[in-house]
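Open the model and keep the sequence beside it. Then follow this short tour, stop by stop.

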Amino acid sequence: MQAAPTRVAPFGSAHGQTVQRILLQAGDLTVALLTWGAVLQSVRLAGVAHDLTLGSDRIDDYLGAMRHHGSVIGPVANRISGAQARIAGRLHRFEANQAGTITLHGGDAGTHLKLWSLVAATADSATLGLTLPDGDGGFPGNRTLAARFEVAPPATLRLTVTATTDAATLINVANHSYWNLDGSADWSGHALRIAADRYLPTTPDFTPTGEIFPTEGTPHDFRTAREITPGAPPLDHCFCLSDARRPLTPVLWLTGRGGTSLTLATTEPGVQVYDGRAALRPGHGPYEGLAIEAQFWPDAPNHPAFPAITLTPGTPWEQVTEWHFAHNPRVQTAPPA
């Protein structure tokens, strides 16, 4: 049987640039991407009536309140305390866009606020590319990024991100999708499991303290699946999966009340989980979606014990993340509300 044609269509404009929407399909999974921010806009699973990720049909939402929803965040996802770091012995200063002292998600030079180019597309895959010039946002090096999305049956989405540079720089990329597997007002009643026996405690500004705590005996122990409730505990933490990049490994399992499930596999040594308390889609409330961000540990340049995020010329850099979806309506994590 001949594959279905690639579907690419305009999705409005951002700062005078045309944004494209790319539709991918294979097996039971249909995925929509945007060239703005390399956004994962929609994930639909056969047999489930609602979208599994939080998206919007309006480009203006992605320029404002939803600037992080579904985006590929870089060149450095998460936070850099002091909005500065030493790279190859030289101090570099970045935009302080949180609390006046912290760089969050690369500031206004972040990859989520740029138009990526559509390099290639088929019915079940698409590659987006982006070039970041030396000094953009204070980060050194002329850098080239590519994000390849692939859909495979029965219901797997794979994201492979590669990066190169012509000077020593920092790189820590994460997909920043928000997930609600029930299509409900918030994610109450989902069950969460994370294969992490350590996590990073944070300051009141959500930067790591530099300590590495065991999860055992704490509210952050998700090694056994358990139902989660907004605020118990508050979540905006990195769960430490390993001390370095490793082969693709399943690390996180999320299941909704209705039996729809997501399994996350990644090569990265950490996964940030954010409860979405302040990530409000227009017309929606807090805790609507759970952000699950596979990445290196945050603020690594300022904590020598953390896995390093320095990239040098000629060094291969590749991150792989997979989402596996399934729907078993006989599975209930809790009685329906």
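## Valine 43 and its strand

Valine 43 sits in strand β4 (residues 39-45). Strands (E, at least two residues) and helices (H or I, at least four) are DSSP runs, numbered from the N terminus. Valine 43 is buried, and its relative accessible area is 0%. Here buried means under 20% relative accessible area, exposed means over 50%, and partly exposed lies in between (1.4 Å probe, protein chains only).

What does valine 43 touch, leaving aside neighbours within four places in sequence? Its contacts are Leu29, Thr30, Val31, Asp51, Leu52, Thr53, Trp179 and Phe325. A contact means heavy atoms within 4.5 Å. Tyrosine 62 is 19 residues from valine 43 along the chain, and their C-alpha atoms are separated by 17 Å.

## How to read the model

This is a predicted model, in which local features need pLDDT of at least 70 and side-chain atom pairs count only at pLDDT 80 or more, while totals for chains, interfaces and linings use all residues. Residues are numbered from 1 along each chain as its sequence is written, and side-chain values use heavy atoms, with hydrogens and water left out.

## Nonpolar cores

The largest nonpolar core has 55 residues. Trp179, Ile194, Leu252 and Phe325 have the most contacts inside it. A nonpolar core is a set of buried Ala, Val, Leu, Ile, Met, Phe, Trp, Tyr and Cys residues joined through side-chain atoms within 4.5 Å. In soluble globular proteins, nonpolar side chains tend to be buried together.

Take phenylalanine 325. Not counting residues up to four places away in sequence, phenylalanine 325 touches Leu29, Val43, Leu45, Leu52, Ala155, Leu157, Trp179, Ser261 and Leu262. Another core, of 15 residues, lies apart from the largest one. Among its members are Phe94, Phe139, Leu170 and Phe306.

The largest pocket has a volume of about 330 Å³. Of its 19 lining residues, His68, Arg79, Leu104, Tyr178 and Tyr274 are the closest to its centre. On a 1 Å grid over the protein atoms alone, a pocket is an open set of points with protein on both sides within 12 Å along at least five of seven lines, and lining residues have an atom within 4 Å of a point. Grid points are joined across faces, edges and corners, and a volume is the space filled by probe spheres set on the points. The lining divides into eight nonpolar, six polar and five charged residues. Ala, Val, Leu, Ile, Met, Phe, Trp, Tyr, Cys and Pro count as nonpolar, Asp, Glu, Lys and Arg as charged, and the others, Gly among them, as polar.

The second largest pocket has a volume of about 160 Å³. Its lining has 14 residues, and the closest to its centre are Asp51, Thr53, Leu54, Gly55 and Arg281. By class, this lining has one nonpolar, eight polar and five charged residues.

Tyrosine 274 belongs to strand β24 (residues 270-274). Is tyrosine 274 buried or exposed? Tyrosine 274 is buried, at 13% relative accessible area. Not counting residues up to four places away in sequence, tyrosine 274 touches Tyr178, Leu235, Asp236, Ala279, Gly289, Leu290, Ala291 and Glu293. Histidine 237 is 37 residues from tyrosine 274 in sequence and 6.8 Å away in space, C-alpha to C-alpha.

Histidine 69 lies in the loop between α1 (59-63) and β5 (72-73). Histidine 69 is also buried, with a relative accessible area of 1%. Beyond its neighbours within four places in sequence, histidine 69 is in contact with Val39, Leu54, Tyr62, His176, Tyr178, Ala279 and Arg281.

## Cysteines without a bond

How many disulfides are there? The count is zero, where a disulfide is a pair of cysteine sulfur atoms within 2.5 Å. Cysteine 238 is in no disulfide. The sulfur of cysteine 240 is 4.9 Å from that of cysteine 238, its closest cysteine sulfur, so the two are too far apart for a bond. Cysteine 238 is buried at 2%, and cysteine 240 is buried at 1%.

Most residues other than glycine have a negative phi, and most peptide bonds are trans. A cis peptide bond joins glycine 74 and proline 75, with omega about 0°. Another cis bond joins alanine 232 and proline 233, where omega is also about 0°.

Asparagine 78 has a positive phi, near 75°. Asparagine 78 is found in the loop between β5 and β6 and is buried, at 2% relative accessibility. Phenylalanine 206 also has a positive phi, near 70°. At 31% relative accessibility, phenylalanine 206 counts as partly exposed.

Methods:
On a 1 Å grid over the protein atoms alone, a cavity is a set of points where a 1.4 Å probe fits but cannot get out, and a pocket is an open set with protein on both sides within 12 Å along at least five of seven lines; lining residues have an atom within 4 Å of a point.
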